[in-house]
Amino acid sequence: MGKIAINQTVFRAVLSQADSTRSTLEGIKPVKITLQQPPDLKSMREQLEIVGKLQNTLKLYSALLDADLRKLEQLGNEMVQQDDHIGQSFHRLEN
């Protein structure tokens with residue numbers, strides 16, 4: 001009979017890679033803006049507001065990605081447990 005299972009090694013490697021990417025996002029620093037001419041104060045405020053929104057969006061994205069990765073890890077663990085349970089049930093039926 002065939003085997004139903006999750007490849008834990010591959011699953012954990014993919015989660016680890018995604019978590020590493022999430023960590024990289026946290027390390028992104030805002031770009032330093034240099035001015036060639038005297039800035040327009042209104043324009044400068046608008047640009048700073050946009051940069052602030054971008055930083056907040058990246059933080060939120062990182063937090064959501066982290067939560068998703070934890071859920072995926074939990075789901076993977078539950079799948080392994082279910083695989084074991086199903087396998088034991090099939091083994092009992094075969095005997």
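A salt bridge is counted here when a side-chain nitrogen of Lys or Arg lies within 4 Å of a carboxyl oxygen of Asp or Glu. By that rule the side chains of arginine 70 and aspartate 66 form a salt bridge, with 2.6 Å from N to O. The model is a predicted one.

Arginine 70 and aspartate 66 both belong to helix H2 and are 4 residues apart, about one turn of the helix. Each has a further partner. Arginine 70 also pairs with aspartate 19, the closest N and O atoms being 3.8 Å apart. Aspartate 19 is in helix H1 while arginine 70 is in helix H2, so this pair ties together parts that are 51 residues apart in sequence. Aspartate 66, for its part, forms a salt bridge with arginine 22 at 3.4 Å between the closest N and O atoms. Here aspartate 66 is the residue from helix H2 and arginine 22 the one from helix H1, so parts 44 residues apart in sequence are tied together.

| Salt bridge | Closest N and O atoms |
|---|---|
| Aspartate 66 and arginine 22 | 3.4 Å |
| Aspartate 19 and arginine 70 | 3.8 Å |

These residues belong to a network of salt bridges that links Asp19, Arg22, Asp66, Arg70 and Glu73. A search of the whole structure finds 6 salt bridges.

Arginine 70 counts as partly exposed at 37%, and so does aspartate 66 at 26%.

**Helix H1**

Helix H1 covers residues 8-26, which is 19 residues. From its first C-alpha to its last it reaches 27 Å, close to the 27 Å expected at 1.5 Å a residue. Its N-terminal end is capped by asparagine 7, which places a side-chain oxygen 3.2 Å from the backbone nitrogen of threonine 9.

**Nonpolar surface patch**

Helix H2 spans residues 41-94 and includes leucine 72. Together with Leu75 and Met79, Leu72 forms a nonpolar patch on the surface, and the three have about 250 Å² of accessible area together. Leucine 72 itself is partly exposed, with a relative accessible area of 38%. It can belong to the patch because patches are made of residues with over 30% relative accessible area and no salt bridge.

Technical notes:
Residues are numbered from 1 along each chain as its sequence is written. This is a predicted model: local features need pLDDT of at least 70, side-chain atom pairs count only at pLDDT 80 or more; totals for chains, interfaces and linings use all residues. Side-chain values use heavy atoms; hydrogens and water are left out. Helices (H or I, at least four residues) and strands (E, at least two) are DSSP runs, numbered from the N terminus. The expected span of a helix is 1.5 Å times one less than its number of residues. A polar contact is a pair of N or O atoms within 3.5 Å; within protein, one must be able to donate a hydrogen and the other to accept it, and residues adjacent in sequence count only if both atoms are side-chain atoms. Patches are made of residues with over 30% relative accessible area and no salt bridge: like charges are joined within 9 Å, nonpolar side chains (Val, Leu, Ile, Met, Phe, Trp, Tyr) within 5 Å. Accessible areas come from the Shrake-Rupley method with a 1.4 Å probe; for residues, only the protein chains shown count as cover. Buried means under 20% relative accessible area, exposed over 50%, partly exposed in between (1.4 Å probe, protein chains only).
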